Amino acid sequence: MTLADLNLNQKCIIKKLNSKGIIHRRFQDLGLISGNVVKCVLISPFKNPKAFKVNGMILAIRNEDSKLIEVDVFE
């Protein structure tokens with residue numbers, strides 16, 4: 001499952017980043033690293049982008065980018 005598949009108010013743990021180069025570095029700088037907890041807090045009207053809470057920050061991430069982040073969803 002990827003970050004793009006999360007529904008509103010769903011929580012997950014980041015498992016793996018499938019990105020390279022500058023976008024990989026940007027994810028890491030924003031706190032999107034393996035083991036961090038992420039919660040989907042807002043879905044825009046057209047479902048792109050979605051907003052996620054990570055380390056106390058709210059990040060809006062486009063679906064094309066959030067599909068690069070593998071996650072495990074909390075039960």
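1. Helices (H or I, at least four residues) and strands (E, at least two) are taken here as DSSP runs, numbered from the N terminus. On that basis the chain has 2 helices and 5 strands, and, read along the sequence, these follow the pattern β-α-β-β-β-α-β. The radius of gyration, taken over C-alpha atoms, is to be compared with a globule rule of 2.2 Å times the number of residues to the power 0.38. For this chain the radius is 11 Å, close to the 11 Å that the rule gives for 75 residues, so the chain is as compact as a globular protein of that length. Along its principal axes the C-alpha trace spans about 30 × 25 × 25 Å.

2. This is a predicted model, in which local features need pLDDT of at least 70 and side-chain atom pairs count only at pLDDT 80 or more, while totals for chains, interfaces and linings use all residues. Residues are numbered from 1 along each chain as its sequence is written, and side-chain values use heavy atoms, with hydrogens and water left out.

3. On burial, I use buried for under 20% relative accessible area, exposed for over 50% and partly exposed for what lies in between (1.4 Å probe, protein chains only). Buried residues make up 35% of the 75 residues in the chain. The accessible surface, from the Shrake-Rupley method with a 1.4 Å probe, comes to about 4800 Å², of which 53% belongs to carbon and sulfur atoms. With contact meaning heavy atoms within 4.5 Å, residues 24 or more positions apart account for 59% of the contacts with a separation of 6 or more.

4. How many disulfides does a search of the whole structure find? It finds 0, a disulfide being a pair of cysteine sulfur atoms within 2.5 Å. Cys12 is in no disulfide, and the nearest cysteine sulfur, that of Cys40, is 9.0 Å away. Cys40 is likewise in no disulfide. Cys12 is buried, with a relative accessible area of 0%, and Cys40 also counts as buried at 0%.

5. Ser66 belongs to helix α2 (residues 63-66) and, at 0% relative accessibility, counts as buried. Leaving aside residues up to four places away in sequence, Ser66 touches Thr2, Leu3, Ala4 and Ile61.

6. Gln10 is placed in the segment before β1 (11-17) and is partly exposed, with a relative accessible area of 22%. Beyond residues up to four places away in sequence, Gln10 touches Asp5, Val38, Lys39, Cys40 and Val73. The C-alpha atoms of Gln10 and Val38 are separated by 8.4 Å, although these residues are 28 apart along the chain.

7. The backbone deserves a separate look, given that most residues other than glycine have a negative phi, and most peptide bonds are trans. A cis peptide bond joins Asn48 and Pro49, with omega about 5°, and Pro49 lies in the loop between β2 (37-43) and β3 (50-54). Asn9, in the segment before β1, has a positive phi near 65° and counts as partly exposed at 48% relative accessibility. Asn55 has a positive phi near 50°; Asn55 is found in the loop between β3 and β4 (57-61) and is exposed, with a relative accessible area of 54%.
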